[in-house]
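Please have your viewer ready before reading on.

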Amino acid sequence: MRFKTDLKNIRTFSKLTAALNSLEKIAWIRLDDDTVRFTVIPEVGSQVWASLSADLIFDNYQLQSNEPANTINLELPLAPLQRALRSAINSHNANLRLTKKDGAPMLSMVIHTMTKDSGGPNPAAPHSRPAADDDDNDPFNNPSPFPTEPLELQMKREREKIITQDIPVRVLHPDTVETIMQPKVREPDVHIQLPPLLQLKAISDRFTKLALTTASPSSSSHNNIVTKDPKLELSANMHGSLRLRLRTDTLDITSVWDGLENPELDPSQLAMPLEEHPSTVFREAGRDKWATVRVDGKDWSRVLSVGRLEGRVIACFSDEHALILYVYVPHSSGGVGGGVGGMEDVVTYYVSSFSS
């Protein structure tokens, strides 16, 4: 079993890891010849299934195992990986390899950075000579017309600094992971491109905070539970509108976005004729036909932290059933080992939702 690679698009890799780490501390990573898959399945809350082209974050990618497509399955803690990637963002080279230390499997990240050394000032002492009896007759004893100044040599040179970060991992047997299945949901009733996630997150967090700070002491025990874990109501229609709503015993506030895009579906990718698809039914029903789900305010805030990736996000609503977010990660054409422009990979969020 062998895995070794150089890293590229490190900033994107770091942002993705930070977003995953906000949901769960442990991730399952599946490596094969062409793809890197990250899966996060917390005990409670939203799941993430990210499928990335290996050439988005890896360069000079070497992978070998006895499994089909040289598959290697790893379980790793996200916090040490995030710290290591943060250290590598401004490096000129970083590589990652699977190794062993004291018999324990490790992902070892070696980071090469350049630092500048500054030498201290080196003043040249002015020349002095012993006094002589015939100073008055010395033609060289006259003051120089040019002032004498000490010479300071500020020596600056670059040197390479090598940092090694070890991330403990667990190598998983194929039988262990074959039972982990991606959730299956019905065809969505509404699909819509979300507004900028950081903007949506700011308003969602404000609603959640209002629910927590306006809790009524006299509320029933059921309502106290709801207030401790406030639920936000998300709705969308097939006419470009998204609605965020908070309803409690004392509050009923709503924020609406209009003019959003409902992307066209590719009929060749559908299991039914387009005219029979649920989204067509919702579109024909008009602007007042909404698909609605309810999400935990705190979990939703953690999901929206993926907005730091700055890709477009398509939300698929199954009315009173499920919410799926598809986050498209563009391949950068710049930075250290930039990727191929115009290409996108996808991170899929299965958002934990609740019935009314």
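Is the crossing of H5 and H8 left-handed or right-handed? It is left-handed. Please keep in mind that this is a predicted model.

## Helices H5 and H8

Two packed helices are described by the angle between their axes and the distance between the axes. Helix H5 covers residues 197–213 and helix H8 covers residues 297–304; their axes lie 9 Å apart, at an angle of about 160°. Angles over 145 degrees count as roughly antiparallel, and H5 and H8 are therefore roughly antiparallel to each other.

On the H5 side, the contact is made by Leu197, Leu200, Lys201, Ser204, Asp205, Thr208 and Leu212. H8 answers with Gly297, Lys298, Trp300, Ser301 and Leu304. Sorted by class, this contact holds five nonpolar, four polar and three charged residues.

## Helices H1 and H3

Now turn to H1 and helix H3, the latter made of residues 78–88. Their axes come within 9 Å and cross at roughly 155°, and these two helices are therefore roughly antiparallel to each other. The crossing of H1 and H3 is left-handed.

H1 contributes Ile10, Phe13, Ser14, Thr17, Ala18, Leu20 and Asn21 to the contact, while H3 contributes Leu78, Ala79, Leu81, Gln82, Leu85, Arg86 and Ala88. By class, there are nine nonpolar residues, four polar and one charged in the contact of H1 with H3.

## The largest cavity

Rolling a probe the size of a water molecule over the atoms shows where empty space is left. How many cavities of 30 Å³ or more does the count give? The count comes to two.

The largest cavity has a volume of about 70 Å³. Its lining is made up of Phe3, Phe13, Ile29, Leu31, Val36, Phe38, Phe58, Leu74, Leu76, Leu81, Leu96 and Leu107. By class, that gives twelve nonpolar residues, with no polar and no charged ones. Strands E2 (26–31), E3 (35–40) and E6 (72–77) each supply at least two residues of this lining.

## The second largest cavity

For the second largest cavity, the volume is about 40 Å³. Thr12, Phe13, Leu16, Leu52, Leu56, Ile57, Leu309 and Val329 line this space, with seven nonpolar residues, one polar and no charged among them.

Which helix gives the most to this lining? H1 does, with three residues. Helix H1 (10–21) and helix H2 (54–57) each supply at least two residues here. Phe13 is worth a click in your viewer: this residue lines the largest cavity, lines the second largest cavity, and takes part in the contact of H1 with H3.

Methods. Residues numbered from 1 in each chain as written. Predicted model: local features only at pLDDT ≥ 70, side-chain atom pairs only at ≥ 80, totals over all residues. Heavy atoms only, no water. Axes fitted to C-alpha atoms, helices over the stretch in contact; angles between N-to-C directions. Helix = DSSP H or I, 4+ residues; strand = E, 2+ residues; numbered from the N terminus. Parallel < 35°, antiparallel > 145°, perpendicular 65-115°, else oblique. Left-handed = near helix turned anticlockwise from the far one by under 90°. Contact = heavy atoms within 4.5 Å. Nonpolar A, V, L, I, M, F, W, Y, C, P; charged D, E, K, R; others polar. 1 Å grid on protein atoms, 1.4 Å probe; cavity = no way out; pocket = protein on both sides within 12 Å on 5 of 7 lines; lining within 4 Å. Points joined across faces, edges and corners; volume = space filled by probe spheres on them.
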